[in-house]
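Student: Could we go through this protein together, one question at a time? I would like to see how each answer is reached.

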Amino acid sequence: MTTIPTVTLSNGVEMPQLGFGVFQVPDLKECEEAVSNALKVGYRLIDTAAAYQNEKAVGQAIAKSDIKREEIFVTSKLWVSDFTYERAKAGIETSLNKLGMDYIDLYLLHQPYGDVIGAWKALEEAYHEGKIRSIGVSNFYPDQLKNLELSVSVKPVLNQIEVNPWFQQDDDVAFIQQEGMRVEAWAPFAEGKHQIFSNEVLTTIGAKYGKTSGQVILRWLLQRDITVIPKTVRRERMVENMDVFNFELTSKDIRAIAELNKNESQFFDHRDPVAIEQIFGSSLVQLRS
């Protein structure tokens, strides 16, 4: 069984470099089975969120495994409908209760909207109480991240953002890393958009090493010092996604992948007011109700 290397976050907590995400697995039975399989094949980082509606299934899978809790790194996230100090405090407790755990290894603000500072204060409090071992954010642009840093006492250890060959985010990745924070990539495969798995550049590179295009993408991210959390419910793909620590891309390979950059999100622009209103409007309205 592959042993996944770890990295050390800025607060000294160790985190696996490669993990398993459960976004878009809302069916609790399917999610529990997927997490159980992931743990059996060697994953020790499991990434969930309140918005995924599967924290309970993640917790059940971990509880039923024969792996010690301290050997598993659990990440969850607070949704924007809970972005006030009081609601965030309650949201943290809800996540803990659904997971059935005394602590969460990493807890993130899922989006940069609403009362971010108020919610962050609640995360800081839970961090000092030992309910959360590390706190961070997701989908924050550099200016939003810097504003948060300047407004709080505990600095985020990580920013989880979209990074894939179509949206490589070189400048944002560099900024986050320069700030001493970890970058974690969601949607590393861009959910298969633009035939990413059959892309000629990626398949040609993979053929040199006897690897798939997906494995090439994961290796590319790891070599950029980015933690990555690919999602799949198929056990064979779980194994395949872990098999990326026995080869290394050359500088020529990396330059070829750089040419694939479309420099645009494959989902939506987090700075587009219309998109923000359409996606998060109802959640933000809840804060005023």
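Student: What percentage of the 289 residues of the protein count as buried?

Tutor: This is a predicted model, in which local features need pLDDT of at least 70 and side-chain atom pairs count only at pLDDT 80 or more, while totals for chains, interfaces and linings use all residues. Residues are numbered from 1 along each chain as its sequence is written, and side-chain values use heavy atoms, with hydrogens and water left out. Buried means under 20% relative accessible area, exposed over 50%, and partly exposed in between, with a 1.4 Å probe and protein chains only. Of the 289 residues, the share that counts as buried is 56%.

Student: Which residues touch the most other members of the largest nonpolar core?

Tutor: A nonpolar core is a set of buried Ala, Val, Leu, Ile, Met, Phe, Trp, Tyr and Cys residues joined through side-chain atoms within 4.5 Å. The largest one holds 80 residues, and apart from it lies another core of eleven residues, among them Met 15 and Leu 106. In the core of 80, the residues that touch the most other members are Phe 20, Val 35, Tyr 43, Leu 109 and Leu 123.

Student: Is Ser 134 buried or exposed?

Tutor: Ser 134 sits in the loop between helix H4 (116-129) and strand S7 (135-138), where helices (H or I, at least four residues) and strands (E, at least two) are DSSP runs numbered from the N terminus. Not counting residues up to four places away in sequence, Ser 134 touches residues including Leu 9, Asn 11, Tyr 107 and Val 157, contact meaning heavy atoms within 4.5 Å. Because its relative accessible area is 0%, Ser 134 is buried.

Student: With which residue does the side chain of Ser 134 make a polar contact?

Tutor: A polar contact is a pair of N or O atoms within 3.5 Å; within protein, one must be able to donate a hydrogen and the other to accept it, and residues adjacent in sequence count only if both atoms are side-chain atoms. For the side chain of Ser 134, the pair lies at 3.3 Å, and the partner is the side chain of Asn 11.

Student: Is Asn 263 buried or exposed?

Tutor: Asn 263 lies in the loop between helix H10 (251-258) and helix H11 (273-287), and its phi is near 60 degrees, a positive value in a residue other than glycine. Most residues other than glycine have a negative phi. Because its relative accessible area is 58%, Asn 263 is exposed.
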